[in-house]
Amino acid sequence: MSDLFQPLVSLGYSLWDVLATVAVSLLGHERAPYALYAFKTLLLILCIVVPLMLAVAYLTLWERKVIGWMQIRIGPNRTTFFGISWLGGLAQPIADGLKLLVKEIIVPSGANKMLFVVAPIMAIMPALAAWAVVPFDPDMVLANIDASLLYIMAITSMGVYGVIVAGWASNSKYAFLGAMRSAAQIVSYEIAMGFSLVGVLMASQSLNLVDIVHAQSSRFGLFGWYWIPLFPLFLTYLIAGVAETNRAPFDVAEGESEIVAGFHVEYSGMTFAVFFLAEYANMILVSVLCALMFLGGWLSPFPETWGFLGVASFGWLLAKVFLVVSTFLWFRATFPRYRYDQIMRLGWKVFIPVTLVWIVILGAWMQTPLWVWWKA
């Protein structure tokens, strides 16, 4: 556990002892453990979801600022807190959320009303459920299960159902066409992404994300991380993650000149906002997994002799995630949108063969003395 969190942990244990005493006195010795376990689980879920939603909100502001700087614009700088001018723009995500919250939710008359409302929930649920097994520190993980990597692959693959249901339930040919294009793209790039994770599994010999990070700790520092031996898989995973989240230059589901706004063209208000919450939450999730599996997670890039800079901590994971997320925004400001046939050709004829070939090379490499990335 990082020294940064030690005071909070000590305070938490003290409050928990008080709560346990109160629960036993109110519910008795038999019921109190079950109530405390349910309360603890709910509290940990809130400790993950609330900061994640705040990160999603302010990622939208960071995106608009970064793209503004790259295009020699200012970006949002008017909406502030209590008129404090030097906080210009920091209240923009809150203002956007309040605006969407009070807007009317319009359901098309020919739509399947139940599925129309359920579709955004189906999109955001996998994006949030995957965080249950994501470790932020060796001791900071909600559920440290052995097959955490397999769990994430299974859960995140269900997000495509929200896209398909949204397009079909809208009873619009434009929304349905956007849903089909988006679903085909997601399924195509999931294959390349899955093969990239197979390479991580082979190198670490574990499906547990905590063990995968520990397997990258060695005397080589940042050169002991998997971004070197798995570099083609690292690039494939990163680019496939951009495509999976329907981000530019892979945002063909939202090609305004072709099919208006894609599968969510009929949505408004908070139902529209939930799709974007899912998109940005998935961006952060892909970035966290990229940092954990290829960039050493919470491990420091510096030797331990460098003092506090060489200490593994949550801060290093946060810095790596920020770097990867910023590349998503950089891509949007730099590259033009691909044609749909170019996207499918890249996924099926480039990424899948590259990952398969590198998996074979990796298997042979690991049988030789030249493989030095064994567990420390």
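How close do the axes of helix H5 and H6 come, and at what angle do they cross? The axes of helix H5 (residues 159-169) and H6 come within 7 Å and cross at roughly 165°. Axes here are lines fitted to C-alpha atoms, for helices over the stretch in contact, and angles run from 0 to 180 degrees between N-to-C directions. Helices (H or I, at least four residues) and strands (E, at least two) are DSSP runs, numbered from the N terminus.

The model is predicted: local features need pLDDT of at least 70, side-chain atom pairs count only at pLDDT 80 or more, and totals for chains, interfaces and linings use all residues. Residues are numbered from 1 along each chain as its sequence is written, and side-chain values use heavy atoms, with hydrogens and water left out.

H5 and H6 are therefore roughly antiparallel to each other; angles under 35 degrees count as roughly parallel, over 145 as roughly antiparallel, 65 to 115 as roughly perpendicular and the rest as oblique. Their crossing is left-handed, a term for the near helix being turned anticlockwise from the far one by less than a right angle, with clockwise giving right-handed. On the H5 side, Val-160, Val-163, Ile-164, Gly-167 and Trp-168 meet residues of H6 that include Ala-175, Phe-176, Ser-182 and Ile-186. By class, this contact has 10 nonpolar, two polar and no charged residues. Ala, Val, Leu, Ile, Met, Phe, Trp, Tyr, Cys and Pro count as nonpolar, Asp, Glu, Lys and Arg as charged, and the others, Gly among them, as polar.

Ser-182 lies in helix H6 and is buried, with a relative accessible area of 0%. Buried means under 20% relative accessible area, exposed over 50% and partly exposed in between (1.4 Å probe, protein chains only). Not counting residues up to four places away in sequence, Ser-182 touches Val-163, Asn-246, Ala-253 and Phe-263, where contact means heavy atoms within 4.5 Å.

A second pair of helices is H10 and H11. They pack at an angle of about 125°, with their axes 8 Å apart, and that makes H10 oblique to H11. The crossing of this pair is right-handed. Among the residues that make the contact are Tyr-280, Met-283 and Val-288 of H10, and Leu-317, Lys-320, Phe-328 and Arg-332 of H11. The contact residues divide into 14 nonpolar, one polar and two charged.

The next topic is the nonpolar cores. A nonpolar core is a set of buried Ala, Val, Leu, Ile, Met, Phe, Trp, Tyr and Cys residues joined through side-chain atoms within 4.5 Å. The largest has 67 residues, and those with the most contacts inside it are Trp-131, Tyr-237, Met-293 and Phe-294. Elements giving two or more residues to this core include helix H1 (6-70), helix H8 (231-244) and helix H12 (340-365). The largest share, 13 residues, comes from H10. Leaving aside neighbours within four places in sequence, Trp-131 is in contact with Ile-48, Leu-52, Phe-136, Ala-281, Ile-284, Leu-285 and Val-288. A second, separate core of 19 residues includes Val-163, Val-165, Ala-183 and Val-274.

Gly-241 is found in helix H8 and, at 0% relative accessibility, counts as buried. Its contacts beyond four places in sequence are Met-193, Val-286 and Phe-328. The C-alpha atoms of Gly-241 and Met-283, 42 residues apart along the chain, are separated by 7.7 Å.

Asn-77, in the loop between H1 and helix H2 (92-102), is partly exposed, with a relative accessible area of 33%.
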